Amino acid sequence: MEKRCPALDTTGRNIHAEAAALRALGPATQVELPGGVVVWSVTSHAVIKDMLSNPKVTKSARNHWPAFYNGELNPSWEMISWVAMDNVSTSFGKDHLRLRRLIGKAFTPRRTEAVRPLVVGLTNMLLDGLAATPQGEVVDLKERFCYPLPGMLVAELIGMGEQQRAATAKVIDMMVDTTVTPEVAQSILLGWRGAMADLIAEKRANPGEDITSDLIAARDEDGSRLTEQELADTIFAILGAGSETTINFFDNAVTELLTHPEQLELVLSGQNSWDDVIDEILRVQSPLASLPLRYAAEDIELDGLTIPKGDPILINYAAVGRDPALHAECPEDFDIQRESKENLSFGHGPHYCLGAGIARLVANIGLSTLFERFPDLSLAVDRDELVPMPTFIMNGHRTLPVHLHAVAARQVA
């Protein structure tokens with residue numbers, strides 16, 4: 001009887017234990033996704049870093065995944081939204097360079113710094129709301145802070161209204177849920193494409209100072225511009241990548257700091273910086289767990305193992321920063337004073353995250369201001385009572401219940 005490969009746990013109950021178990025099987029091993037789709041899960045830092053910049057590995061299903069372009073993949077496959085997009089994240093070769101040039105104009109260092117007042121304003125608005133909480137009441141910090149801060153920021157940047165943002169956020173939440181049915185998966189695909197079409201039509205009629213309006217108007221050096229599908233899919237990718245990962249970053253950062261008070265004291269006393277916290281969280285608690293999908297454009301040889309041309313590949317980001325081959329000393333421990341905090345949470349190579357600068361800015365302002373306003377913040381439950389999100393794609397909790405305790409006055413710059 002043929003031995004079946006392990007199926008990834010769709011409930012995401014313990015992504016780090018699962019990553020360690022897969023790493024023990026080798027740098028890459030076959031796993032089963034929902035719908036019975038078999039892919040290669042890669043857990044080695046060295047192999048992943050090479051794959052992220054290797055021209056033999058692409059993100060384009062329409063060019064390099066036979067099951068997709070030959071129509072063998074069920075159109076109602078539970079994870080269809082992750083491979084059916086046509087944007088900078090899933091493009092290949094000249095198309096990728098063209099799209100990255102067009103989109104990169106929205107993420108220059110100058111424009112990133114120009115976002116600072118907006119981040120400060122949103123952060124203070126949310127924390128002012130928290131400060132009005134009755135003494136002793138338990139607050140879900142994920143719902144009241146971790147979730148809305150990046151979501152509202154990215155919506156503002158792409159020119160999306162609050163009602164549109166809230167509706168689209170629900171679609172994104174369902175999209176990262178790896179326990180959904182094929183029927184729900186199909187409704188997700190239709191839902192986000194419909195929402196993006198509405199936003200684009202609105203911005204064509206009433207352009208503003210936002211990324212959507214810029215992308216509608218943008219032309220590359222050769223006169224080319226985004227196709228309608230590229231435009232819609234790219235805006236949605238910016239919304240999802242810019243919000244969901246940062247939500248999980250805040251969730252994990254607050255959890256680690258509150259369960260490691262000695263580490264929190266190091267940064268509050270000035271011995272370490274918030275950048276140290278950010279890098280160590282990205283290393284030990286990557287907001288992404290396993291991101292679908294990449295594909296072998298040619299056969300890939302790995303220590304006697306061959307990933308055949310056309311096979312899909314799942315990069316296990318949860319495994320990268322905890323790889324003992326990279327961090328030999330207690331790689332699973334949260335330690336902002338460790339010398340090397342190397343990680344690949346923003347990617348590497350041609351698909352390195354365009355919004356990394358904005359994400360770092362939001363993380364720094366959000367965390368520093370949160371702990372400045374609520375210096376005695378504490379978890380309202382034991383850490384092991386926090387419930388993981390139902391997904392192997394993202395790394396976070398369903399809720400983050402906390403006690404705010406004393407509230408410090410807002411400091412005016």
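Two strands pair if DSSP finds at least two bridges between them. In this predicted model, β9 and strand β10 are joined by two bridges and run antiparallel. A search of the whole structure also finds 17 salt bridges, and the largest pocket has a volume of about 390 Å³. The points below take strands, salt bridges and the pocket in turn.

**The open sheet**

- Three strands make up an open sheet, in the order β4-β10-β9. The pairing is antiparallel.
- β4 (139–140) and β9 (378–379) are the edge strands. Each of them pairs on one side only.
- Strand β10 covers residues 401–403 and is joined to β9 by two bridges.
- S378 has H403 in β10 as its bridge partner.

- Strand β1 (residues 28–32) is joined to β2 by five bridges, and the two run antiparallel. V31 has V39 in β2 as its bridge partner.
- β1 and β2 form a hairpin, with five residues between them. In the turn, G35 has a positive phi of about 85°.
- β2 also pairs with strand β8 (residues 312–316), through three bridges. Here the strands run parallel. S41 has L314 in β8 as its bridge partner.
- Strand β2 spans residues 38–42, and four of its five residues are buried, so the strand is largely enclosed by the rest of the structure.

- R23 pairs with D323, and their closest N and O atoms are 3.9 Å apart. R23 lies in helix α1, while D323 sits in the loop between α17 (317–320) and α18 (356–373), so the pair ties together parts that are 300 residues apart in sequence.
- D323 counts as buried because its relative accessibility is 6%, and buried means under 20%.
- K142 and D251 meet through their side chains in a salt bridge of 3.7 Å, N to O. This pair also links distant parts of the chain: K142 is in helix α9 (residues 141–146) and D251 is in helix α14, 109 residues apart.
- K142 has a relative accessible area of 6%, so it is buried. D251 is at 0% relative accessibility, so D251 counts as buried too.

**Other salt bridges**

- E113 forms a salt bridge with R116. The closest N and O atoms of this pair are 2.6 Å apart.
- E113 has a relative accessible area of 42% and is therefore partly exposed. R116, at 35% relative accessibility, also counts as partly exposed.
- A network of salt bridges links D95, R98 and E230.

**The largest pocket**

- The volume of the largest pocket is about 390 Å³. Its lining has 19 residues.
- R13, H16, L386, P388 and H397 are the lining residues that lie nearest the centre of the pocket.
- Two elements give two or more residues to the lining: α1 (15–23) and α14 (228–259). α14 gives the most, with three residues.
- By class, the lining has ten polar, five nonpolar and four charged residues.

**Elements to look at again**

- Helix α1 holds R23 of the pair with D323, and α1 also gives two or more residues to the lining of the largest pocket.
- Helix α14 holds D251 of the pair with K142, and α14 gives three residues to the pocket lining.
- Strand β2 has antiparallel bridges to β1 and parallel bridges to β8.

Technical notes
Residues are numbered from 1 along each chain as its sequence is written. This is a predicted model: local features need pLDDT of at least 70, side-chain atom pairs count only at pLDDT 80 or more; totals for chains, interfaces and linings use all residues. Side-chain values use heavy atoms; hydrogens and water are left out. Buried means under 20% relative accessible area, exposed over 50%, partly exposed in between (1.4 Å probe, protein chains only). On a 1 Å grid over the protein atoms alone, a cavity is a set of points where a 1.4 Å probe fits but cannot get out, and a pocket is an open set with protein on both sides within 12 Å along at least five of seven lines; lining residues have an atom within 4 Å of a point. Grid points are joined across faces, edges and corners, and a volume is the space filled by probe spheres set on the points. Ala, Val, Leu, Ile, Met, Phe, Trp, Tyr, Cys and Pro count as nonpolar, Asp, Glu, Lys and Arg as charged, and the others, Gly among them, as polar. A salt bridge is a side-chain nitrogen of Lys or Arg within 4 Å of a carboxyl oxygen of Asp or Glu.
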